[in-house]
Protein chains: 2
Amino acid sequence: MIFALLSGGSGKRLWPLSNDSRSKQFLKVLMNPNGHMESMVQRVWRQLDLTGLQDSVYVVTGQGQLEIVQNQLHDKVNVIVEPSRRDTFPAIALTATYLYSIVGVNLQEVIAVLPADPYADNDFFCKIAELESAIHESDADIALMGVKPTYPSEKYGYIIPTEGTSEGRKYEIVSHFREKPSEDQAKILLEEGALWNCGVFAFKLDYLINLLIEKGLPIQYEEMLKQYETLRNISFDFEVVERAQKIVVAKFNGIWKDLGTWNTLAEEISTPIIGKGIICENSVNTHLINELDIPVTVLGCPNLIVVTSPDGILVADKSSSPQIKELIKNMEQRPMFEERRWGRYRVLDYIKKDKCEILTKRIGIDAGKNLSYQLHTKRSEAWTVIEGVGEFILNDKMFHVQAGDVLQIPIRARHSIRAITDMEIIEVQSGSELIEEDIVRLYMDWNDIVAQTVR
Amino acid sequence: MIFALLSGGSGKRLWPLSNDSRSKQFLKVLMNPNGHMESMVQRVWRQLDLTGLQDSVYVVTGQGQLEIVQNQLHDKVNVIVEPSRRDTFPAIALTATYLYSIVGVNLQEVIAVLPADPYADNDFFCKIAELESAIHESDADIALMGVKPTYPSEKYGYIIPTEGTSEGRKYEIVSHFREKPSEDQAKILLEEGALWNCGVFAFKLDYLINLLIEKGLPIQYEEMLKQYETLRNISFDFEVVERAQKIVVAKFNGIWKDLGTWNTLAEEISTPIIGKGIICENSVNTHLINELDIPVTVLGCPNLIVVTSPDGILVADKSSSPQIKELIKNMEQRPMFEERRWGRYRVLDYIKKDKCEILTKRIGIDAGKNLSYQLHTKRSEAWTVIEGVGEFILNDKMFHVQAGDVLQIPIRARHSIRAITDMEIIEVQSGSELIEEDIVRLYMDWNDIVAQTVR
């Protein structure tokens with residue numbers, strides 16, 4: 001059995017912590033059993049490991065999230081990279097072709113697709129593993145997970161099973177679906193035994209490959225990549241599930257939540273304060289998440305969520321917090337912090353005067369990691385090393401550098417740095433256009449250059 | 001007539017905008033008639049100018065506020081600098097000796113002392129000017145301004161005039177004083193014609209000089225400076241006013257407010273948003289003052305005051321906001337931004353590792369201004385010029401510098417910079433102890449060094 005974790009998300013729902021490179025599943029706001037903070041995707045990864053399923057996991061994500069996936073999970077995690085951000089049908093189709101034509105997975109293998117960010121207890125993942133036998137026993141096209149509802153929610157989709165199909169079996173046959181009903185309708189659905197659709201699908205690889213052939217779509221990964229842009233931008237639910245002949249659903253009766261908005265997420269944050277700050281006693285049921293170095297004081301404000309990051313500061317009544325996505329949809333802003341394969345950066349300051357832009361960043365590089373060998377065509381950089389030691393390469397020459405050193409990198413100069421110990425650098429970029437995309441990555445054999453330097 | 005503006009304040013009541021170097025009178029949160037933001041002290045200065053009184057104004061302040069006074073008012077403003085921060089009696093005694101022994105003011109001259117931050121209409125200042133004739137006509141020791149109360153406030157002091165002393169005169173004789181009465185007591189005081197004490201005192205210089213002689217205190221400025229630390233730390237009200245033989249009070253019937261807390265100040269801020277941010281419609285009566293570059297979104301929160309600065313972020317219900325002073329009294333923090341004679345700086349980043357501290361600042365130097373010639377014993381600095389052109393001096397040699405240049409300043413290196421056009425610099429300090437006090441100011445004749453460089 002193979003697990004495909006879909007890691008997408010536009011990053012607007014949990015502004016200002018989430019942004020285009022760090023959508024909600026990457027926010028480290030949950031506490032793991034050892035008392036450390038972990039993100040939703042790290043929690044799911046840990047839970048898959050507990051159930052012994054981690055080795056057969058593939059993470060499906062966009063280029064923009066590749067480095068944070070590698071940083072948060074593991075350098076060696078299996079990743080399938082979408083060439084552009086699309087809905088779930090294209091993403092799952094790409095996954096199927098990759099497993100079929102690149103990995104060589106057997107067509108009879110069962111694939112389970114799940115979101116990267118369900119907040120559920122460990123049993124949820126054992127239950128997903130049972131979908132394999134449900135597929136084989138039922139001979140259904142698709143097996144779904146249905147969560148037993150705890151209240152008549154208006155925001156979830158519902159799966160309605162056929163009555164009387166579940167005697168002695170681990171699954172029921174699906175009758176039909178219902179998206180986001182009113183509360184009254186939801187109450188009736190609950191009486192009929194309807195289940196919440198939690199976005200988990202299982203199917204034999206064979207089923208999807210045949211479906212692609214039927215639709216005239218490629219089944220070879222390389223060809224699928226080429227045609228990816230032309231695929232209909234549609235969800236797997238609409239394109240596949242709702243048209244399937246036979247669908248079964250396994251019932252999960254445990255904790256499962258979609259922590260998609262600040263009010264739902266705040267319920268699972270174990271401490272009222274993350275980061276620097278104080279909340280005064282008369283501010284009951286208020287949560288503060290402060291990712292800035294600046295202390296926050298909350299005084300006389302109950303039921304608020306206060307969240308700060310270099311991207312923004314949110315002060316919201318919890319019940320109003322779901323509106324944030326709508327509010328900030330037109331707010332265009334470069335990400336002010338990102339996690340990368342080699343570490344992280346944060347923008348400290350930005351000014352624009354006439355045709356010149358200046359950006360000051362603090363960059364953290366983890367010991368043993370290096371930036372790619374690169375040059376920029378529109379900016380020069382000045383780096384002040386403020387912590388650690390490392391090897392700095394400028395135009396194919398290597399220099400040992402340490403805290404206190406100031407490194408000047410002219411426009412078009414080839415440069416890289418490798419951290420020996422954890423390094424922190426203040427970088428001042430000056431140029432006509434300061435965008436992350438102004439980077440030409442060059443091939444370099446680090447050992448060659450080091451060897452030349454030693455000689 | 002001479003006006004002494006007392007500019008003190010601990011800076012805690014309007015945290016996080018106010019700090020030890022920028023107390024409330026320097027916050028630019030008020031709108032002037034031209035639509036520009038101005039501070040309370042700038043407003044008072046402008047109002048004194050309207051009444052033609054500006055030339056005879058002396059600002060009495062501490063060393064820590066000297067540069068911001070010069071920056072906000074005028075380089076050439078008359079300033080009397082207290083050697084240490086004391087209460088109003090020592091400050092006014094120092095002022096009297098300065099006027100007497102340094103300026104040579106006639107002993108019959110009337111001195112009016114007023115706080116630097118009353119929020120009042122222009123007539124208030126005309127009324128203060130009338131205290132001169134009140135002193136001469138009444139032959140009183142002291143003349144006060146009393147504001148006609150608009151409600152029975154519990155937070156002000158009251159001046160109770162003697163009944164029936166005001167026929168046809170511009171002043172009344174003071175019977176007694178009452179500090180912060182209960183609301184019921186205040187109602188009775190209002191019926192008795194009591195007035196709010198707004199902290200304005202006028203007296204002949206002669207009166208105060210004689211008082212100092214009586215008390216065995218120096219009347220020469222230089223000697224007063226030496227003994228300043230030994231003076232009782234007591235208010236002018238307690239030490240002088242309440243013991244005077246004859247006091248008169250002039251009644252002011254107009255707008256006067258003490259904007260000492262966020263809820264009172266917010267009433268006078270004409271726009272709900274200062275700085276980057278949005279307040280959603282359902283957040284009625286909420287004010288946002290954002291001094292950071294980070295956008296703030298306020299959602300579903302009525303009656304709040306949200307204030308951000310590099311020093312901190314406050315989210316408070318307006319009615320709770322007066323508690324802030326108490327809450328942050330133990331918060332020790334270096335100022336994260338200051339206005340100086342030559343411009344301003346802001347701390348962008350600070351880290352401490354083992355015995356090393358790193359501080360990143362953005363410094364703005366106004367065209368034509370220069371830093372003092374200085375050296376540091378505990379830190380090196382790296383400057384990246386990000387805007388403007390100027391003259392940089394390092395160990396007595398001058399260099400022309402411009403945007404893009406990186407300047408390294410080792411420990412103990414003598415350095416200075418003069419801005420030709422407005423300059424912005426990113427400064428990274430590294431050292432064992434990063435405090436503003438680690439500065440040795442050196443004598444330098446700029447023209448000499450420039451001349452040597454040209455030769």
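The term pLDDT denotes the predictor's confidence in each residue, on a scale from 0 to 100. It applies here because the structure is a predicted model. For chain A the mean pLDDT is 90, and 97% of the residues in that chain reach 70 or more. The model as a whole scores ipTM 0.80 and pTM 0.81.

The peptide bond that joins Trp15(A) to Pro16(A) is cis, and its omega is about 5°. Chain B may be read alongside. There, a cis peptide bond runs from Trp15(B) to Pro16(B), with omega near 5°. Pro16(B) is placed in the loop between β1 (2-7) and β2 (30-31) of chain B.

The loop between β1 (2-7) and β2 (30-31) of chain A also holds Lys24(A). Side chains of opposite charge can pair when their charged atoms come close. The side chain of Lys24(A) forms a salt bridge with that of Asp117(A), at 3.3 Å from N to O. This pair connects distant parts of the chain, since Asp117(A) belongs to the loop between β6 (110-115) and β7 (119-120) of chain A, and the two residues are 93 apart. Over all chains, the count of salt bridges comes to 40.

Another loop of chain A, between α5 (131-138) and β8 (142-147), contains Asp139(A). The backbone angle phi of Asp139(A) is near 60°, a positive value in a residue other than glycine.

The helices come next. Two packed helices are described by the angle between their axes and the distance between the axes. In chain A, the axes of helix α3 (residues 88-103) and helix α7 (residues 205-214) come within 10 Å and cross at roughly 110°. An angle of 65 to 115 degrees counts as roughly perpendicular, and α3(A) and α7(A) are therefore roughly perpendicular to each other. The crossing of α3(A) past α7(A) is left-handed. On the side of α3(A), the contact is made by Phe89(A), Ile92(A), Ala93(A), Ala96(A), Thr97(A), Leu99(A) and Tyr100(A), and on the side of α7(A) by Leu205(A), Leu208(A), Ile209(A) and Leu212(A). Sorted by class, this contact of α3(A) with α7(A) has 10 nonpolar residues, 1 polar residue and no charged residues.

The corresponding helices of chain B can be described in turn. Helix α3 (residues 88-103) of chain B and helix α7 (residues 205-214) of chain B have axes that come within 10 Å and cross at roughly 110°. That angle makes α3(B) roughly perpendicular to α7(B). The crossing in which α3(B) passes α7(B) is left-handed. Residues of α3(B), including Phe89(B), Ile92(B) and Tyr100(B), meet residues of α7(B), among them Leu205(B) and Ile209(B). The contact of α3(B) with α7(B) comprises 10 nonpolar residues and 1 polar residue, with no charged residues.

Note on methods: Residues are numbered from 1 along each chain as its sequence is written. Chains are lettered from A and ligands numbered from 1 in the order in which they are written. This is a predicted model: local features need pLDDT of at least 70, side-chain atom pairs count only at pLDDT 80 or more; totals for chains, interfaces and linings use all residues. Side-chain values use heavy atoms; hydrogens and water are left out. Axes are lines fitted to C-alpha atoms, for helices over the stretch in contact, and angles run from 0 to 180 degrees between N-to-C directions. Helices (H or I, at least four residues) and strands (E, at least two) are DSSP runs, numbered from the N terminus. Angles under 35 degrees count as roughly parallel, over 145 as roughly antiparallel, 65 to 115 as roughly perpendicular and the rest as oblique. A crossing is left-handed if the near helix is turned anticlockwise from the far one by less than a right angle, and right-handed if clockwise. Contact means heavy atoms within 4.5 Å. Ala, Val, Leu, Ile, Met, Phe, Trp, Tyr, Cys and Pro count as nonpolar, Asp, Glu, Lys and Arg as charged, and the others, Gly among them, as polar. A salt bridge is a side-chain nitrogen of Lys or Arg within 4 Å of a carboxyl oxygen of Asp or Glu.
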